Amino acid sequence: MAVKKYSRQQVIKLAKTTSSRLSYMDRMGFVVPEKIGEADTKKPVVLYTKHQIELVKQINQASHFLSASGLRLAIQRESPG
């Protein structure tokens with residue numbers, strides 16, 4: 001069974017966030033989406049899972065209380081493996 005993937009625009013609406021916030025989370029390694037065609041083009045197709053959308057929501061809420069290093073520590077503790 002294939003996992004449903006969501007486009008960047010869908011995630012912006014579903015998570016009530018911004019494109020720049022998603023880019024920040026990607027750069028920081030908090031939420032790294034799947035990128036298709038990254039080597040071929042400047043604008044790859046960016047896809048997120050439902051789990052990643054929920055993580056974006058949680059990070060947005062936590063960012064009101066935690067610094068970037070605090071967020072990183074919290075995410076590392078929650079990550080499986």
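Predicted model: local features only at pLDDT ≥ 70, side-chain atom pairs only at ≥ 80, totals over all residues.
Trainee: How should I read burial, and which residues of H3 are buried?

Mentor: A residue is buried under 20% relative accessible area, exposed over 50% and partly exposed in between, with a 1.4 Å probe and protein chains only. Of the 81 residues in the protein, 31% are buried. Helix H3, residues 50-62, has 13 residues and reaches 18 Å from its first C-alpha to its last, close to the 18 Å expected at 1.5 Å a residue, where the expected span is 1.5 Å times one less than the number of residues. In H3 the buried residues are Gln 52, Ile 53, Leu 55, Val 56, Ile 59 and Asn 60. They cover an arc of only 160 degrees around the axis, which puts them on the same side of H3; the arc is that of the directions from the helix axis to the C-beta atoms. On the other side of H3, His 51 and Gln 61 are exposed.

Trainee: Where is Thr 17, and what is in contact with it?

Mentor: Thr 17 lies in the loop between helix H1 (8-14) and helix H2 (19-28), and with a relative accessible area of 12% Thr 17 is buried. Contact means heavy atoms within 4.5 Å. Leaving aside neighbours within four places in sequence, Thr 17 is in contact with Val 11, Ile 12, Leu 22, Val 56 and Asn 60; of these, Val 56 and Asn 60 are among the buried residues of H3.

Trainee: How many salt bridges does the structure hold, and which side chains meet in them?

Mentor: Side chains of opposite charge can pair when their charged atoms come close. A salt bridge here is a side-chain nitrogen of Lys or Arg within 4 Å of a carboxyl oxygen of Asp or Glu, and the structure holds 3 salt bridges. In one of them the side chains of Lys 5 and Glu 34 meet at 2.5 Å, N to O. This pair links distant parts of the chain, with Lys 5 in strand E1 (residues 5-7) and Glu 34 in strand E2 (residues 34-36), 29 residues apart. Lys 35 forms a salt bridge with Asp 26, the closest N and O atoms being 2.6 Å apart. Lys 57 and Glu 54 form a salt bridge whose closest N and O atoms are 3.5 Å apart, and being 3 residues apart in helix H3, they are separated by about one helical turn.

Trainee: How many aromatic pairs does a search of the whole structure find?

Mentor: A pair of aromatic rings is described by the distance of the centres and the angle of the planes. Rings of Phe, Tyr and Trp (its six-membered ring) pair if their centres lie within 6.5 Å, and planes under 30 degrees apart count as stacked, over 60 as edge-to-face and the rest as tilted. The search finds 1 aromatic pair: the rings of Tyr 24 and Phe 30 have their centres 6.2 Å apart and their planes at 75 degrees, so the pair is edge-to-face. Tyr 24 is partly exposed at 24% relative accessible area, whereas Phe 30 is buried at 5%.

Note on methods. Residues numbered from 1 in each chain as written. Heavy atoms only, no water. Helix = DSSP H or I, 4+ residues; strand = E, 2+ residues; numbered from the N terminus.
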